[in-house]
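Dear colleague,

Please find the structure we spoke of below, with my notes following it. I would be glad if you read the two side by side.

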Amino acid sequence: MAAIQARSLTFTYAGADTPSVENIELAINKGEFAILTGPSGCGKTTLCRCLNGLIPNFYSGNIEGDLQIDGVSVKGKSTAELATQVGFVFQNPENQLFSLSVERDVAFGLENLGIPREEALKRVEWAMEVTGITSLRNKAPYELSGGQQQRAAIAGVLAMRPNIIVLDEPTSFLDPKSAEDIVGVIAKLNRDLHLTTLLVEHRLDIVSRYANRVIVMDKGKIALDGPPSKVYGDDARLIGIGLPRVTMLFHLLRRDGLAGERNPITVEEASEELRKVLGT
Amino acid sequence: MISVENVRFHYPGGPDVLNNVSLQIKDGDFVAIMGENGAGKTTLVKMFNGLLKPTEGTISVDGIGTDEKSVAQLSRDVGLIFQNPDHQLFAETVAEELSFSLRNFGFSEDVVQRRVTSLMNTLDLDRYSASSPFVLSGGERKRVALAAILAWDPKHLVMDEPTIGQDYLQKDRLRNFILQLLSQGKTIIIVTHDVEFVAECKPRVVLLSHGQIVGDGPAAEILTDSTLVEKSSLVIPQIAKLMRTLQNLAPPADIIDAYSARDFLASKLRSAATGSSEKRG
Amino acid sequence: MDSPIHRLDPRAKFILTLGYFTVSLMFTNLYVLLVLFLVQIPGILLAHSVGRWLRSMRGGLVLGLFIFGMNIIFGTSLVSSLGFTVRFFAIMSAFSFFFMTTSADDLGLALEQIHVPYSISFTFTTAVRLVPTMAIDAQTVVDAQRSRGLELDKGNFVKRIRNYIPILIPLIISAIRRSVELAEALESRGFGATENRTAIVTLRMRPSDYLLIFVTAAGLGLALYVYWFVTLPVLVLPFEIPRLF
């Protein structure tokens, strides 16, 4: 049983002429770390919204096809119900922190769900610990750096103990170092907690090393789906996604007939590959 | 020329945001101002058009101090494009939006019409001429905001975080557009922390940290300096990291993007190929 | 901001503020009203809020002068007019002081605990939380439009009003966009999942809070005694402002 299973999933926003996602066939297994990417407007955010119930509850429209989370159809389920199965972290840290202290913010979801106080406090401690923000518990959200705010947002989502976490461009507003940090945190959580992770990202150079799968969307459909080294070929470049620069280098070398078919995705891989060819 | 001399800035009763900053930007320069969040980058560029005045020191644009002119007057020469287009879009149509500043600056109506038409053409916005700016997508709104500032053709352009939220194709288009503007003789200053974008554009990089300039030089030099990069919450461009692992090939220190790396490696790979074919032969 | 006053339970503080308000309305005697006004001073000092308090008083100056002026013009005696003005400042000061020494968070908790519907208390705390954020947005919008040549300090009255359209519209749109994002995030955290919300943090009344309520009751009792049984000295001035009407 896949964690996320979509069959012929199609959604058209109310008032729109064409579907934003069309005929999506997707199966993501438990514990996988998948990257979702594609040019602006390709439907990535729409697909994510379907996963946690924002579509069709918050965003109305016409939904067709089938979507199952942990083997159960999402039809008829509210966003609040799905919140315990699919956690959602948004792009802008400022607009997903609600309380005047980090601790209360992490507890926010649990308060909403009516989780008994004892249990809630335990989960809050745990969530803060696994995201490394226990020392920030009494700070106000606006006092935190962008990276810390996103950690707090992740903790707030984890406290509800979903099996799946969806993150929509969480590094957009972060500087490069904080971006690398937070992706490291996300990868660690995926490994340690066996948390199925779907990460929407443009900055493929940072995230590729952690993912075992990259899904590329284009114009509402899934265009490519596979391990990063397979997906980062010519087709991906033509769709217009920003490949890791070392991968792009090999594309360029290949055009001059100077490199083989492999697509390295990290500095280490690229270095190894070059050394082999150069005989050093 | 934009000249910053020993500038110190703090809000009343607050700590120093900028301290002892000195900088010269010549006409036609391409400069990236980089640094961690809170380093003072946006504060600095807000001084170029007079929105903020230095607490100590002077800033002059084309020889005249910024305290001698109003923001409107300074904006004629220094166009400042803010990060979030939603903070400036307000008109009923895109055409109205683009006409706004021209009317503020007192251009006659037929000049306004002409400029707006030509601008929409250049930036591929014709089909949105009568649309409300609010129904456009994020990327399109950013284009409209850019057009709105270009409308009056300022000599110097400052862009605050132009790459946030943009996908690769949009960034590529932006890069080409910047090069076009540079070829027209404009000064371009971008505030950014997008290391790979800067690595591909290769401007002069001015690095701010905690309100002071800690680095000022070619992109290749600044972005490969580990100490500086670490201090400013940046990262070394991926290609530069790759080059470091290939030290025995003695790569030039200024390779920070894929194209230059390709050029360098191409020659090495060709000689390696002929070398091995010689051995076999 | 912290002080013994800040730490008091907001419910106890509000009862005190209401009691104070009631007593202020009971009396018109200038001496009593002056005493009432001055009685707040130790509290303000204890809360280390002198600066903020002075600023809020300054904010009420125009209205206070208006009250004084209107009373004089329409024939109230000088002493009574002074009394009404002092009463205005006393009440204004008391409510200001309450809000100054109570964090929005505590206020929200207090509202929840007196069983105000959660959606209302949440709206309140969120609104308070967003005020500084929106202030920054407002400044950014003003900066962005000034950078396009908008001059807010020029032109006749009508032009100046129209100049605020490019400020208001982006602000409103930004606020709406922000609200949508917040709403999405709220839904994703299970907002509204159940009527029985857990409260992780609760306000608990402490001995000092009960003492405050007792003091308020005692004060009210004293006020009632004075009102019914004590003949108060009245200030008589040797001059009077001539009647205008």
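Leaving aside its neighbours within four places in sequence, B:Val198 is in contact with B:Ala32, B:Met34, B:Thr192, B:Pro203, B:Val205, B:Ala219 and B:Leu223, where contact requires that the C-beta atoms of two residues, placed from the backbone, lie within 7 Å. Please keep in mind that this is a predicted model, in which local features need pLDDT of at least 70 and side-chain atom pairs count only at pLDDT 80 or more, while totals for chains, interfaces and linings use all residues. Residues are numbered from 1 along each chain as its sequence is written, and chains are lettered from A and ligands numbered from 1 in the order in which they are written.

B:Val198 is also one of the residues with the most contacts inside the largest nonpolar core, together with B:Ile33, B:Ala151, B:Leu223 and B:Ile239, and that core has 189 residues. Helix H5 (residues 138-150) of chain B gives the most to this core, namely seven residues. Apart from it lies another core, of 17 residues, among them C:Ile5, C:Leu16, C:Val23 and C:Ala90. A nonpolar core here is a set of buried Ala, Val, Leu, Ile, Met, Phe, Trp, Tyr and Cys residues joined through C-beta atoms within 7 Å, and a residue is buried if 20 or more other C-beta atoms, placed from the backbone, lie within 10 Å of its own, exposed if 12 or fewer, and partly exposed in between.

In chain A, strand S1 (residues 4-13) and strand S4 (residues 61-69) run antiparallel and are joined by eight bridges, with A:Glu64 in S4(A) as the bridge partner of A:Thr10. S4(A) also pairs in the antiparallel sense with strand S5 (residues 72-73) of chain A, over two bridges, and there A:Ile69 has A:Val72 as its partner. Two residues lie between the strands of this hairpin, in which A:Asp70 takes a positive phi near 55 degrees. Strands (E, at least two residues) and helices (H or I, at least four) are DSSP runs, numbered from the N terminus, and two strands pair if DSSP finds at least two bridges between them.

As for domains, whose bounds come from an automatic or database assignment, chain B is divided into domain 1 (1-77 + 154-219), domain 2 (90-146) and domain 3 (237-281). The C-alpha centres of domain 2 and domain 3 of chain B lie 47 Å apart.

Finally, on confidence, the mean pLDDT (the predictor's confidence in each residue, from 0 to 100) of chain C is 89, and the predictor gives the complex an ipTM of 0.90 and a pTM of 0.88.

With best wishes
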